[in-house]
Amino acid sequence: MVEFAVSDNRADGLAITEAFRQASDDDVRNAMNAMSNPTDVDSLKFYIIPSSWFVKAWRLFGARSEDDVDENWRESIGSIQNIELLNIEHEVTSDEEDPAEDQQKKMFEKLHLRMAKNLQEGKIMSELEHTKDYFFLGASAWLLVKEKFGFDGLELERPCVTNAANGSLEIQLKLEESNGTTPKLITIPPSGRFAYEKVMSSKVSNTVAIISEGTNGNASRMPNVTTSNPGAIIPFNSTSKSKNGKSANEPEDSNDQDMETDSQPMAGRKRHASGLGNIGNTCFMNSTLQCLAHTEPLLHYFLSGEYQADLNKDNPLGTGGELASEFANLVREMWGIPIRRHGVVTSSSLSAVYPRQFKQCVGRHAEQFMGYDQHDSQEFATYLLDALHEDTNRVTKKPYIEKPEKVKDESDDDAANKAWELHLKREDSRVLENFMGQVKSRLECCTANCDRVSTTFDPFMYLSVPIPGETDRQLKITFVPLEPNEKPRNFELTVPKTAAMGKVFSMLNDELIALGVRSDPIPLHDFVAVDVWSHEIFSWYQLDSDLDRIRETDTTFIFELDPQNEISIESKKRSDAPDDVEKSLSKVSDRSRVNLDVETLTSLNKNDHWQSEIEKYVKVSHTVYILFNEKRGTVEDRLHFYNKLKIFLEQCQKEVEDHEESSAKTDAVKDDDEMKDEGGNDGDGDGKTAADAGEIQGLIDRTDASPTFTNVKTQRDVEILGFCANKIRQLILKLITDKKNLYSDGITIQISMRKHKTAYSSSTKLATPIALRIPSTMTVYGLRKELAKRLSRSLQSDLKDRANNSAGSADTLEDKSRPMNGDHVFGSPELSIMRQVPLSFDRKDGTSYGGTRTTYNSKQLGMLEKTHDGEGTMADPNDDAEMAYVADILGPLGNVTLEWPGDLCDRCFDEVEYENVEESTTEEDGKKEEKAVTNVLDCIEKYCQMEQLEETEMWYCNQCQQHVRAWKQFHLYRAPPILIIHLKRFHYSARTHRRDKITSFIDFPLRGLDLTKLVSSYTEEGKPIYDCYGVSNHYGGLGGGHYTAHILDEDGSWNYYDDTRMTKAEEKEVLSEAAYVLYYRRQDVPFERNVAFPTPEAIPPLPPAPAAIEGEPTNAMGNDESDLSSNVSTFGVVADDEDDMAVDGDSKADSSPVESMDAEIDIAGFTNEDFPPLQ
């Protein structure tokens, strides 16, 4: 048989004990030498270690033989955690009192530096006492224990000084560690050693007793351990009293005992639960754990050990019962109930518990909570309750069940009960019994003529309710109708903050229909929204534009536009009807007078080589650049060049024909071979024929006389130039077609106004601009007619008559399509005014029209020039400038300005009437009353309101067979005994991917939250009336924050838990803007605190924790956290009162949530080398 070497834990432990004694002896000799030789004092150092570790290690250091050493001494003792003694608090400065989101980064940098400084300086808390909270080790002993047991990287080294008065040797603490104005001095006994054995004898026996597994309950043999009654392991905390007021440790009369101990050891819980230490951004977990640790049904279930009978270790959705067991251990430690861990039974009477093993267990089974990142307390509560449920689920094999849907003619009660029973076939636990409610979910298809409705009854463990109004905003807009006789209307719409402009258009339609202004909704694409600033349109908004672009101070107008379908039909007429230029260009044949060989044609067509070829025949190269540059050249420029080229080619062709006739007469006398050689079709290697190889003098003379063209000497040059002319013609035809089709749906433009007072004064902006949608066929004169129609209400009737009479007798053109010939036909009175107003334009894209050969000059639009006296001529509809297409000149979103002459404006334009706006109020608006404060009932009612699904969460309708934005609505059907209400303060938009925090105050009752009007089904005994017992608070913003908890005490007062610190709180402090998750208990749920719970001897031993997963986080020394034997620490406020944990209700600053925000910073595993030197 092969024998394997097995580590002898007992022998190793005894070896460490002997080494510790030798190291201690060395330290004693060093101290004695320093007493006799003062020069050695400076080199003498002592090191502080926490009492929580030293008490456990003392049992090992006192061993005399291997039998005195416990087999599991490594797990029992664990590593040294000096951070428990440090003071990492800080004073709240003025810039930290209000942790606004914009100050988060700066504030947390300060906190990090302050904590780094505290860790470097190693300041322990001033209220800690020697031999009670900490002990001293010499340099040799410290070197040994930190190597053998590991520590958190913090060495609390203290120097020694000589007392000048009596010559004694003293350990000097830091000034900040002393309560007085001078540093505290700890005198070293003359023997050179502290007599810790006298202190440790009582500490060990009162703290822990070792129960050896498999030894019939007899205590292991450990030094200084007195167990008069091996069954009564650890007396529960002295704060727990019996009915007669005596301490539980004091003898009581048999007839007046609070609990029986004859059958099994029992323990009562502490007056207050311990605080929870922040082990690196775990305030979110601490806040949730405090609320759940004060949830009576859950607390009793885990403290009593009843959960062990329900552990479902084979559930693949659970943690194998591990998380439930760790949660039970943690709450028992928090309440001072003894626990068993690795065979060691411990009890905590201290004020702080560090949930390291619980945190590690959560990280193993939920990767999102691994490490030390910040998290959401509500998300953690959701995960924890679900995990506890799965770990204690009484259903071991879950049957497959389809989600039931309410059928036609089925009552709500029947459908709800059926869904409830089916759910219990898969999910059944004590957790669900207390936290699970039922909600009725209704989905209705939004498609017209579809009556599909889906109703289901779903379970819930918490209500995540929206905050009314906080996700909405008030948007003031002015609606300008298309009908000129309708006045603009002001509206104030309540719209979602994350909505797009299309949502505003939809809500505006609802308002118009409610007012009776419209009977049918206006198509959304027939609206345009703009921001008006200084009488001009500053911004244009599209259907998908975010509302956050609109500020509260912006002036927003929404214009109704001409229907899109009508504009498209009108614009299509232009593309269908060719103009004269197109007709003339289309008549020319592509192969006219071009007789080039295939090789030359291929070369010219390849990569549009003809465009560079034509440069050889043009004298000014810039002309070619303009010709082929779409941004610089215009159709008119290209057409002008083409016409000159066509004339030049005709002249050159005539020269070629004359040359051919002359050559034919001359060559007739030559022999047949020579004529064949000179006039044949065979080409040489260059692709040139014999006919075109020679230069023609007539072409040379014609070229020399041309101001534009050059280098045309042979017939081949003429043919190449003719080929290029055909290409230019095709290019012009394409540009004309593209230009006509460019705005096939019309364009939207801006109409603004200016008034010119005198010839020497500058113009002034006038009135609100107008947004128009015009077809591509609209001319400048057609725009005048459209403006006459749109401004008819503000052109006063008497002024119209005067303007009409001043123009002489005229025919009234009531039909816009009626042709107008000559200056003697002025049209309607409104049109006669518009024909006297000069127009100018600006393109949105900034394209310059200067220097081009167009019918308009610079920025003048139409034939009229700017004037101040209004005595100019009237616009002629037959003028070329008035017949130009507006779309071609302006482009989309261009601006046309009415340059009003001062006199004409004063006589004909009524600005007051033009700016007249109606206020719109509906009957519903009149009934609205401003509520001073939003309460939690408003949030629940908002949760139950009908709303339409967003595009990112569309529902599939099996009747329409498509995904639709269905209408959904929730109704509370059953209310659970414990109701968790999550206020959705963190709002996320799936469309904009933005996340914001709502910091508004939400009022909620601490007693008597009545939900009887909102819950459909309940019994008389279980009315949904709730009392609040816990609140999880969040301070700060999205960049960083801090979680705390308010907990209801059994006497009706409130306690404030801020990680390790617990203080008393007033009710008004519970109701704050920081309230995030509310915990309510139904009034019929029993509330009992004076209950005794069995100690670990009566509870079966917990299963050993599984091996650590590879890659799991470890402590600073690389040891797995499972080596730590207890969560208990003395960090925080120490209990110094017989009945209560020490609380501080006098200082408001002590309970400030900001004061512990530095605990969010990851402090686990930091060493002095982790921080840079502080300047």
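A: Begin with a single residue and its contacts, where contact means heavy atoms within 4.5 Å. Apart from neighbours within four places in sequence, Val618 is in contact with Thr623, Val624, Phe641, Thr708 and Thr710. This is a predicted model, in which local features need pLDDT of at least 70 and side-chain atom pairs count only at pLDDT 80 or more, while totals for chains, interfaces and linings use all residues. Residues are numbered from 1 along each chain as its sequence is written, and side-chain values use heavy atoms, with hydrogens and water left out.

Q: Where is Val618 found, and is Val618 buried or exposed?
A: Helices (H or I, at least four residues) are DSSP runs, numbered from the N terminus. Val618 is in the loop between helix 18 (610-613) and helix 19 (621-628). Buried means under 20% relative accessible area, exposed over 50%, and partly exposed in between (1.4 Å probe, protein chains only). With a relative accessible area of 7%, Val618 is buried. Its C-alpha atom is separated by 8.2 Å from that of Asn711, 93 residues apart along the chain.

Q: How does His659 count at 32% relative accessibility?
A: His659 counts as partly exposed. His659 has its place in helix 20, and the C-alpha atoms of His659 and Leu699, 40 residues apart along the chain, are separated by 9.4 Å.

Q: At what angle do the axes of helix 20 and helix 23 cross?
A: Two packed helices are described by the angle between their axes and the distance between the axes. Axes are lines fitted to C-alpha atoms, for helices over the stretch in contact, and angles run from 0 to 180 degrees between N-to-C directions. For helix 20 (residues 635-666) and helix 23 (residues 715-742), the axes cross at roughly 155° and come within 9 Å. Angles under 35 degrees count as roughly parallel, over 145 as roughly antiparallel, 65 to 115 as roughly perpendicular and the rest as oblique. Helix 20 and helix 23 are therefore roughly antiparallel to each other. The residues of their contact divide into 17 nonpolar, 3 polar and 3 charged. Here Ala, Val, Leu, Ile, Met, Phe, Trp, Tyr, Cys and Pro count as nonpolar, Asp, Glu, Lys and Arg as charged, and the others, Gly among them, as polar.

Q: How do helix 9 and helix 10 pack?
A: The angle between helix 9 (residues 322-334) and helix 10 (residues 356-365) is about 160°, and their axes are 9 Å apart. That makes helix 9 roughly antiparallel to helix 10. In helix 9, Glu322, Leu323, Glu326, Phe327 and Leu330 meet Gln357, Phe358, Cys361, Val362, Arg364 and His365 in helix 10. This contact divides into 6 nonpolar, 2 polar and 3 charged residues.

Q: At what angle does helix 8 pack with helix 9?
A: Helix 8 (residues 296-303) and helix 9 pack at about 100°, with axes 9 Å apart. The two are therefore roughly perpendicular to each other. Leu298, Leu299, Phe302 and Leu303 of helix 8 make the contact with Ala324, Phe327, Ala328, Val331 and Arg332 of helix 9.
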